[in-house]
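The following briefing concerns a single protein model and is arranged by topic. Please examine the sequence and the coordinates alongside the text.

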Amino acid sequence: MRNDIERVLIDEDVIQRRVEVVAKQFQQDCIDNDVHKITVIILLKGALVFGADFIRHLDMKLRIDTIHASSYNGGKESSGEVKLDHFPDVLNRDILLIDDILDTGLTIKAVRKKLSEGGAASITTCVLLDKRVSDSRCDITCFDIPNEFVVGYGLDFEGHYRNLPYVGVLKSDAAMEKLRQDELTD
Ligand code: XMP
């Protein structure tokens, strides 16, 4: 799989250190705001890896829920339409909403709206990556990145590369096609 990656944008150890710092800061903010119990909502599938690492730095009472959100349909461009499956009960809950990446901002916006309509007591939005494309920002961002299609650490292309421990940029379509041809002739 490393062969398919043009360059690594964020190394594994950099991600791990940053996630720990950000999670601990979030916990401190909760203490300061007298919030002692939260519901963490992890958006599937992209935020699975990030969310799992983030919550393990939190030393507080929490429940975990998931929502399956999709707008990319496996490819490299957003369809512009956000589909949400299985919406949990959030009435009076303090929510930490975790997603992998902020691109057009449509996904976070759609989920945030539904959480408000569901009567959440508070909503904190958190993303690993922000492409700085849209005008909206999340409450917590681990890294700003250039506007390129990235994979790894939960992010996929056509369902693959989620298990890479780092975030990287895929080789161009032409380079990937050449790799496939080379593999076929090997
Ligand atoms: P929006 O545009 O709604 O996008 O902010 C959020 C969702 O789109 C997916 N996304 C990506 N997935 N590499 C990916 O693997 C990317 O560069 C990328 N950009 C957006 C992702 O599922 C995210 O939750």
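Leaving out neighbours within four places in sequence, Leu-164 is in contact (heavy atoms within 4.5 Å) with Met-1, Ile-5, Val-151, Gly-152 and Tyr-153. The model is a predicted one, in which local features need pLDDT of at least 70 and side-chain atom pairs count only at pLDDT 80 or more, whereas totals for chains, interfaces and linings use all residues. Residues are numbered from 1 along each chain as its sequence is written, and side-chain values use heavy atoms, with hydrogens and water left out.

**Leu-164 and the loop between E8 and E9**

- Leu-164 is located in the loop between strand E8 (150–151) and E9; helices (H or I, at least four residues) and strands (E, at least two) are DSSP runs, numbered from the N terminus.
- The relative accessible area of Leu-164 is 6%, so this residue is buried; buried means under 20% relative accessible area, exposed over 50% and partly exposed in between, with a 1.4 Å probe and protein chains only.
- Between the C-alpha atoms of Leu-164 and Val-49 the separation is 10.0 Å, although the two residues are 115 residues apart along the chain.
- Tyr-153 is also in the loop between E8 and E9; Tyr-153 has a phi near 50°, a positive value in a residue other than glycine, and counts as buried at 2% relative accessibility.
- Glu-158, likewise in the loop between E8 and E9, has a positive phi near 50° without being glycine, but counts as exposed at 51% relative accessibility.

**Overall architecture**

- The protein contains four helices and nine strands, which follow the pattern β-α-β-α-β-β-β-α-β-β-β-β-α along the sequence.
- Of the 186 residues in the protein, 43% are buried.
- Among contacts with a separation of 6 or more, 65% are accounted for by residues 24 or more positions apart.
- The accessible surface (Shrake-Rupley method, 1.4 Å probe, with only the protein chains shown counting as cover for residues) comes to about 10,000 Å², and 47% of this surface belongs to carbon and sulfur atoms.

**The sheet and its helices**

- An open sheet with mixed pairing is formed by six strands in the order E4-E3-E2-E5-E6-E7; two strands pair if DSSP finds at least two bridges between them.
- Strand E4 (83–85) and strand E7 (140–144) are the edges; each has a single partner strand, so one side of each lacks a neighbour in the sheet.
- Neighbouring strands of this sheet are turned by 25° against each other on average, direction ignored; axes are lines fitted to C-alpha atoms, for helices over the stretch in contact, and angles run from 0 to 180 degrees between N-to-C directions.
- Strand E5 (residues 94–102) and strand E6 (residues 122–130) run parallel and are joined by eight bridges, with Ser-122 in E6 as the bridge partner of Asp-94.
- Helix H1 (residues 12–32) packs on the sheet, where it touches strand E2 (37–44), E5, E6 and E7, and its direction makes about 160° with that of E7.
- Helix H3 (residues 106–117) lies across E2, strand E3 (61–70), E4, E5 and E6, and runs at about 165° to E5.
- Thr-107 has its place in helix H3, counts as buried at 16% relative accessibility and, neighbours within four places in sequence aside, is in contact with Leu-43, Ala-69, Ser-71, Val-82 and Asp-99.

**Nonpolar cores**

- A nonpolar core is a set of buried Ala, Val, Leu, Ile, Met, Phe, Trp, Tyr and Cys residues joined through side-chain atoms within 4.5 Å.
- The largest nonpolar core has 33 residues, of which Ile-38, Phe-50, Phe-54, Leu-96, Leu-128 and Leu-129 touch the most other members.
- At least two residues of this core come from each of H1, E2, helix H2 (48–55), E5, E6, E7 and strand E9 (167–170), and H1 gives the most, with six residues.
- A second, separate core of 15 residues includes Ile-41, Ile-95, Leu-97 and Ala-120.
- In H2 the buried residues are Phe-50, Gly-51, Asp-53, Phe-54 and Ile-55, and they pack against H1, E2, E3, E5, E6 and E7.

**Cysteines and a cis peptide bond**

- The structure holds zero disulfides, a disulfide being a pair of cysteine sulfur atoms within 2.5 Å.
- Cys-126 is buried at 0% relative accessible area; its sulfur is 5.5 Å from the closest cysteine sulfur, in Cys-142, which is too far for a bond.
- The peptide bond from Leu-44 to Lys-45 is cis, with omega near 0°, and Lys-45 has its place in the loop between E2 and H2.
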